[in-house]
Amino acid sequence: MALNRKIAYIDLNRKKIDITPIPLQWRRRFLGGRGIGAYLLLKHASPKCDALGSDNVIVISTGLLGGTLATLSGCTFVMAKSPLSNLLCNVQLKGLFASEIRWAGFDHLVITGCARRPVYLYINNGTVEIRDAKKVWGKNVSKAHEQIRQELKNEDIRMIGIGPSGENLVRFATLTTDENAISGRTGIGAVFGSKNIKTVVCRGTMDLEIKRPDDVLKFKTKNAGQADDIQKKNVTQTDQLEQKIAIRDITPSKLTDCGFNSFAESKFLTRELGMDPLAVSGMLNWAFTLFEKGNLKANKANSLKFNPENPDSVGEMIKHIAYRKGVGNILAKGSFRAAAIIGYSSLNYFAPVKWLIKLYSEDPLPANFASLMPTGKDTDIVEPDGLEPLEGNAGSITLDEINEMILNCLGIFVEKGLVSLFDGDPLKRLIEQIRFNTGLNFDANELKKIACRCYALERLFNIGEEVTWRNDFHPDCSFDVPSGLEMTGPMWDSIDLKEFKRKVSKYYRQRRWSKKDLLKAGVFKKLEIDDLWPSLRR
Amino acid sequence: MTSRVLVADLKKCTGCKQCELACSLKQTGVINPVKSCIHIIDWNHEGIFLPVFCQQCEDAPCMAVCPKDAIYRDIKLERMVINYDLCVACRMCVFTCPFGALGFDQEKAKVLKCDLCDGDPQCVKFCDTDALSYLDSSVFQYQTTSKTALMLKSATDRKFGHTSPPVGR
């Protein structure tokens with residue numbers, strides 16, 4: 001059955017692998033995917049651990065509907081403590097890895113400890129192997145993937161892995177799938193690198209049993225033109241948005257002068273080195289501006305003459321970041337850590353501060369943060385008719401947030417801020433899909449409670465890192481202060497600080513989120529996560 | 001009733017593999033792409049995806065090679081069908097198929113072969129990008145023909161100075 005998938009606890013310190021089934025009770029409490037992922041992370045990560053140390057834990061999860069016929073259900077969630085922000089980072093990876101890992105018999109992989117030598121994990125039909133990755137360590141992403149494919153003599157394997165930037169602990173290194181999808185600019189690649197894991201390789205040929213196959217096949221016919229149109233719309237809109245960002249992140253910059261070819265090449269290079277093109281282009285813009293202004297000087301070790309008009313120097317700079325040479329070593333620490341060295345005033349020239357908060361899809365800020373923005377719609381709490389108010393000190397959340405969390409728990413890909421594209425009431429259809437695929441019966445109110453619980457879990461992790469609502473504010477330069485860069489357009493409009501503060505405090509009031517409330521035993525009981533209470537009490 | 005054929009448009013296939021899942025679910029009741037009768041061969045980095053499935057050959061090698069005469073032609077749906085009462089699961093048909101389109105379920109010792117889902121192919125239903133279609137066998141090539149004709153027409157127009165933009169028929 002779709003419920004018989006297991007959890008593999010991989011201890012790299014002792015090279016020990018424990019495989020345990022997932023209790024049905026967990027399914028009823030967190031469904032799967034992002035929910036169980038957050039729960040496992042909270043359970044196993046020691047509080048206030050070093051994000052790049054061996055205490056950090058990586059949880060790779062697939063959703064309850066992963067590998068089934070539910071559209072867009074191929075989404076892998078990778079969670080860990082972010083080395084960039086020191087908060088929870090949740091990475092959504094598109095691609096066929098999620099389905100493959102389910103066919104290999106697993107729903108969750110919990111990776112603890114730290115390997116002494118470079119390794120890769122090979123997951124195949126209910127077994128996990130830790131293999132030597134000496135030959136592929138240091139190689140570019142696609143080359144490493146190709147080499148592993150040849151080594152295993154299997155064309156059908158699916159992989160997620162890091163490039164040289166992850167190995168060198170660049171704090172915005174990403175994960176890349178073998179289909180070239182990348183995600184994780186909050187630095188998940190560096191966490192993999194710190195544990196000496198190059199890739200996670202997966203191949204599965206196990207049956208995924210479906211409770212009611214005929215109904216699942218009919219479901220498509222009946223709802224054709226409804227559910228799937230919406231999901232298609234979601235995909236296309238996401239792609240368009242990504243394209244827009246890709247163009248936007250380069251258009252107003254210095255890099256435009258290099259011409260299109262070098263832009264494409266530099267983007268390709270960035271991906272090959274395992275970094276996020278968006279984060280890197282932001283960093284490069286910043287660095288070039290600082291070079292011009294004289295805040296940043298090429299030191300002796302780095303005699304390169306940075307000239308944005310020379311495409312070679314762009315490529316060189318990208319390599320310098322990935323291999324942490326010279327100025328690249330400072331930039332690889334991330335903007336805030338770099339600013340601590342260069343001087344905080346330099347952040348005024350950091351363009352991504354302004355627009356990343358509008359379009360950041362994986363940051364650990366409050367959910368649906370995009371809706372707090374002037375351009376986003378107002379977050380009015382939706383209390384559906386005939387349903388009792390949601391209990392628990394996680395408070396009530398909007399229907400959009402509920403839908404997003406439930407879709408994520410089921411393993412369905414959602415771009416943040418675009419859930420509203422799901423017209424009508426997706427919960428009803430999801431309940432049917434869960435019933436047909438797994439045989440589990442949920443009602444709408446139960447799903448809403450699960451969503452609240454999962455949000456509270458993520459919040460709890462961040463509270464463990466001593467986060468208060470003040471941390472959700474951005475540096476002053478993201479507000480009315482002129483950014484020092486001459487840019488216009490909706491992306492660059494200044495945000496009114498007062499309005500923003502008002503919205504954030506309203507956001508917290510509605511959710512009844514505060515550090516005190518969430519850390520009371522009663523709340524844990526209400527949220528039915530009392531087994532976490534001893535580990536989090538402090 | 002005119003016969004219909006399963007046609008794949010390579011340009012539209014995105015390699016999502018929903019067809020594989022739907023096929024295996026319909027054929028075996030479980031989701032397992034290995035047990036599917038349609039397979040997507042992918043070259044991810046080049047963005048090329050090639051659906052491979054049974055072509056329901058007119059002079060079928062699988063039928064010719066079957067030692068028990070278990071494979072026969074269903075004229076109504078223009079398909080090759082396996083009579084599982086006669087089949088001894090010797091896998092000769094699997095080895096002989098020039099497309100490698102036949103599969104074998106080791107657990108049930110059963111040859112897996114596309115039966116066009118008795119005239120309602122699930123792979124077509126689940127193909128979100130319409131890369132797979134089930135078309136009338138007498139006209140399916142006209143799509144390509146008319147596309148080529150249109151290209152030829154616009155080329156001629158350019159050559160002889162007609163400025164009207166090419167319009168579909």
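**Exercise 1. A hairpin in chain B**

In which sense do strand 3 and strand 4 of chain B pair, and over how many bridges?

*Solution.* Keep in mind that this is a predicted model. Start with the pairing: strand 3 (residues 39-43) of chain B and strand 4 (residues 48-52) of chain B are antiparallel, with five bridges. Next, look at the connection: four residues lie between the two strands, which form a hairpin, and G47(B) in the turn has a positive phi of about 75°. Finally, sort the residues of strand 3 of chain B by face: I40(B) and D42(B) are on the covered face, while H39(B), I41(B) and W43(B) are on the uncovered one.

**Exercise 2. The sheet of chain A**

Work out the strand order of the open sheet in chain A and find its edges.

*Solution.* The sheet has six strands in the order 2-1-6-3-4-5, with mixed pairing. Strand 2 (16-21) and strand 5 (88-94) of chain A each have a single partner strand, so they stand at the edges and one side of each lacks a neighbour in the sheet. From one strand to the next, the twist averages 15°. Now zoom in on one pairing: strand 3 (residues 58-62) and strand 4 (residues 75-81) of chain A run antiparallel and are joined by four bridges. Within that pairing, V59(A) has M79(A) as its bridge partner in strand 4 of chain A.

**Exercise 3. Helix 2 of chain A**

Is helix 2 of chain A largely enclosed or largely open, and why?

*Solution.* First place the helix: helix 2 of chain A packs on the sheet and touches strands 1, 3, 4, 5 and 6 of chain A, its direction making about 20° with that of strand 4 of chain A. Then consider burial: 10 of its 12 residues are buried, so helix 2 of chain A is largely enclosed by the rest of the structure. Among the buried residues are R34(A), Y39(A) and L42(A). As a check on length, 12 residues at 1.5 Å a residue should span 16 Å, and the end C-alpha atoms are 16 Å apart, which agrees.

**Exercise 4. Two crossing helices**

Describe how helix 16 and helix 17 of chain A meet.

*Solution.* Their axes come within 10 Å and cross at roughly 95°. Helix 16 and helix 17 of chain A are therefore roughly perpendicular. L427(A), I431(A) and I434(A) of helix 16 meet A444(A), L447(A) and K448(A) of helix 17. By type, these contact residues divide into five nonpolar, no polar and one charged. To finish, helix 17 of chain A also lies across strand 4 and strand 5 of chain A, running at about 135° to strand 5.

Methods:
Residues numbered from 1 in each chain as written. Chains lettered and ligands numbered in written order. Predicted model: local features only at pLDDT ≥ 70, side-chain atom pairs only at ≥ 80, totals over all residues. Heavy atoms only, no water. Buried < 20%, exposed > 50% of the residue type's maximum accessible area, 1.4 Å probe, protein only. Pairing = 2+ DSSP bridges. Expected span 1.5 Å × (residues − 1). Axes fitted to C-alpha atoms, helices over the stretch in contact; angles between N-to-C directions. Parallel < 35°, antiparallel > 145°, perpendicular 65-115°, else oblique. Contact = heavy atoms within 4.5 Å. Nonpolar A, V, L, I, M, F, W, Y, C, P; charged D, E, K, R; others polar.
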